[in-house]
Structure formats: C-alpha cells, structure tokens
Amino acid sequence: MAVSIKSEREIQLMRESCKILAKVHEELGKAIKPGITTKDIDIMAEKLIRSYDCIPNFLNYNGYPASVCVSVNEEVVHGIPTTQRILMEGDIVSLDCGCIYKGYHSDAARTYAVGNVSREVQQLMNVTKQAFFEGIKMAKAGNHLYDISNAIDDYVTPFGYGIVKDLVGHGIGTSLHEDPQIPNFRQKRKGILLQPGMTLAIEPMINMGTWEVEWLDDDWTVVSRDGLPSAHYENTILITDGEPEILTLL
C-alpha cells in the first residue's frame with residue numbers, strides 16, 4: 001500500500017480545494033428546506049463549485065451522473081438527484097460532494113434535518129457527527145490508522161446503532177480515492193503508522209438499526225437493509241506533527 005505524503009505545495013493546494021468545498025457546503029446547507037427537489041440541490045452544487053473555478057469531482061466519476069450525492073432518510077450514500085424526489089418536513093438528507101482545484105481533490109459530507117425531525121433522528125445525526133470528532137482525536141503522527149476506526153466504534157456502539165461496514169473512508173489527493181481505506185468499525189490489526197503530510201477523508205456512516213446495507217437497481221444508491229434512517233458526516237483532514245487539521249471546515 002502506497003500512501004502519498006503531500007509536500008508543502010500540495011498541502012496548500014489541498015487546503016484551498018477544501019476551503020472552497022467548505023463554502024459550498026455552507027451555502028447548500030442554507031438551501032435545505034421542505035419543497036425543494038434533490039435535483040435542485042445538485043444544480044446549485046454544480047454552479048457553486050464551478051463559480052470557484054473548480055470541477056465537481058463526483059460528476060461522471062465511474063459514471064455517477066451528478067455533482068453531489070443526495071441521500072434521503074434510509075439512503076446511506078450515493079443517492080442520485082432527481083426532479084421527482086421532493087424533500088419533506090421531517091426528512092433527513094445527506095449531501096456528499098467534492099471539488100478539484102488545480103488537480104487536487106476535496107471531499108466532505110453533511111447530514112441536514114429538513115424542518116423539524118424526531119428526537120431519535122436528531123440523536124442519530126448528532127452521534128454520527130461526533131463520531132468523526134472522536135475518531136480524529138487519534139489522527140496523530142505516531143498513532144496507527146486503525147486507532148481512528150476503533151475510536152469511532154467505541155463511541156458509536158453503546159448507542160446501539162449499526163456502523164456501515166461495506167463503505168469506508170479513504171486517502172485523498174490527486175485522486176478522489178487513494179490508499180489507505182479507513183473503516184469506521186473496530187479492527188484486529190493496527191494498520192499503517194500515521195505520518196505528517198497524509199491527507200485522509202474520514203466519514204462515519206451510521207444506521208439507526210442494522211449495519212447491513214443493500215444497493216438499489218440504479219447500482220449507486222445504498223440503503224439500510226431495514227429501511228431505518230442513516231446519517232453521514234465527513235471531512236478531509238491533514239495529519240500534522242501535532243493535532244490533525246480539518247481542511248473542510250471554515
């Protein structure tokens with residue numbers, strides 16, 4: 001496994017790509033309300049990304065037909081935007097997107113409430129977001145990769161939620177998906193040693209019920225097998241000599 005160590009120049013380009021993506025997410029978040037379609041979100045995302053002279057890195061990636069994955073309720077990831085899917089009061093929606101700036105990728109996901117959601121669903125969203133922050137407490141040079149995975153699992157499991165196992169985080173740089181793969185669930189091995197200059201996309205995907213998922217007939221949309229809601233939270237981070245730097249937060 002060859003995990004790329006970014007130079008100072010590359011880190012600066014990654015920072016810029018990620019800062020732009022953070023601004024895109026901030027604008028998309030403001031637009032989430034009952035009555036808009038998932039296609040409306042996609043159109044807005046592509047316009048925003050291109051307005052910063054960036055390229056939407058999800059568009060046409062392995063044939064994916066949109067600039068942002070819009071996943072509603074039981075959809076875990078990779079929901080395809082459509083004019084037929086209208087967001088309703090009480091839904092939750094995960095937006096996962098990224099951009100390419102001067103050849104360097106960024107990747108981040110957020111889950112939003114559409115209007116008011118139940119207390120149980122709000123807790124799922126809160127735990128998923130906090131799981132990311134628990135994981136990156138271990139994202140320090142000298143620790144091992146799976147220290148991150150184990151910290152996420154240790155935090156989430158007591159809530160009784162299902163941690164998705166079929167999908168994992170990843171390295172990122174001049175490609176959207178680079179080595180290493182980063183599971184969100186406990187590992188028996190230690191994994192590679194973390195080093196300054198590694199850029200990683202850490203992304204807990206947490207289901208309210210079972211961890212098991214299945215793919216819909218569109219070959220993209222992943223849903224929880226029991227039909228219960230799922231939440232997703234992701235940032236691109238940089239391993240440093242000290243605390244990790246979260247690149248996709250403003």
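Lys-102 counts as exposed, at 61% relative accessibility, where exposed means over 50% relative accessible area, buried under 20% and partly exposed in between (1.4 Å probe, protein chains only). The structure is a predicted model, in which local features need pLDDT of at least 70 and side-chain atom pairs count only at pLDDT 80 or more, while totals for chains, interfaces and linings use all residues. Residues are numbered from 1 along each chain as its sequence is written, and side-chain values use heavy atoms, with hydrogens and water left out.

Lys-102 lies in the loop between strand S5 (99–101) and strand S6 (104–105). Helices (H or I, at least four residues) and strands (E, at least two) are DSSP runs, numbered from the N terminus. Phi of Lys-102 is near 50 degrees, a positive value in a residue other than glycine. Asp-53, also not a glycine, has a positive phi of about 60 degrees. Asp-53 is placed in the loop between helix H2 (38–51) and strand S1 (55–56), and is exposed, with a relative accessible area of 70%. Most residues other than glycine have a negative phi, and most peptide bonds are trans. The peptide bond from Asp-179 to Pro-180 is cis, with omega near 5 degrees. Pro-180 belongs to strand S10.

The chain as a whole has four helices and 17 strands. Its radius of gyration is 17 Å, close to the 18 Å that the globule rule gives for 250 residues, so the chain is as compact as a globular protein of that length. The radius is taken over C-alpha atoms, and the rule is 2.2 Å times the number of residues to the power 0.38. Along its principal axes the C-alpha trace spans about 45 × 45 × 30 Å. Of the 250 residues, 54% count as buried. Among contacts (heavy atoms within 4.5 Å) with a separation of 6 or more, 71% join residues 24 or more positions apart.

Ser-67 is found in the loop between S1 and strand S2 (68–72). With 0% relative accessibility, Ser-67 counts as buried. Apart from neighbours within four places in sequence, Ser-67 is in contact with Asp-42, Glu-46, Pro-56, Phe-58, Leu-59 and Cys-97. Trp-220 lies in the loop between strand S13 (213–215) and strand S14 (222–224). Trp-220 and Val-68 are 152 residues apart in sequence, and their C-alpha atoms are 13 Å apart in space. With neighbours within four places in sequence set aside, the contacts of Trp-220 include Tyr-61, Pro-65, His-78 and Trp-215.

The largest pocket has a volume of about 440 Å³. A pocket is found on a 1 Å grid over the protein atoms alone, as an open set of points where a 1.4 Å probe fits, with protein on both sides within 12 Å along at least five of seven lines; lining residues have an atom within 4 Å of a point. Grid points are joined across faces, edges and corners, and the volume is the space filled by probe spheres set on the points. The largest pocket is lined by 24 residues, of which His-78, Leu-167, His-170, His-177 and Glu-203 lie nearest its centre. Strand S9 (169–171) and strand S10 (178–182) each supply at least two lining residues, and S10 gives the largest share, three residues. The lining divides into 10 nonpolar, seven polar and seven charged residues. Here Ala, Val, Leu, Ile, Met, Phe, Trp, Tyr, Cys and Pro count as nonpolar, Asp, Glu, Lys and Arg as charged, and the others, Gly among them, as polar.
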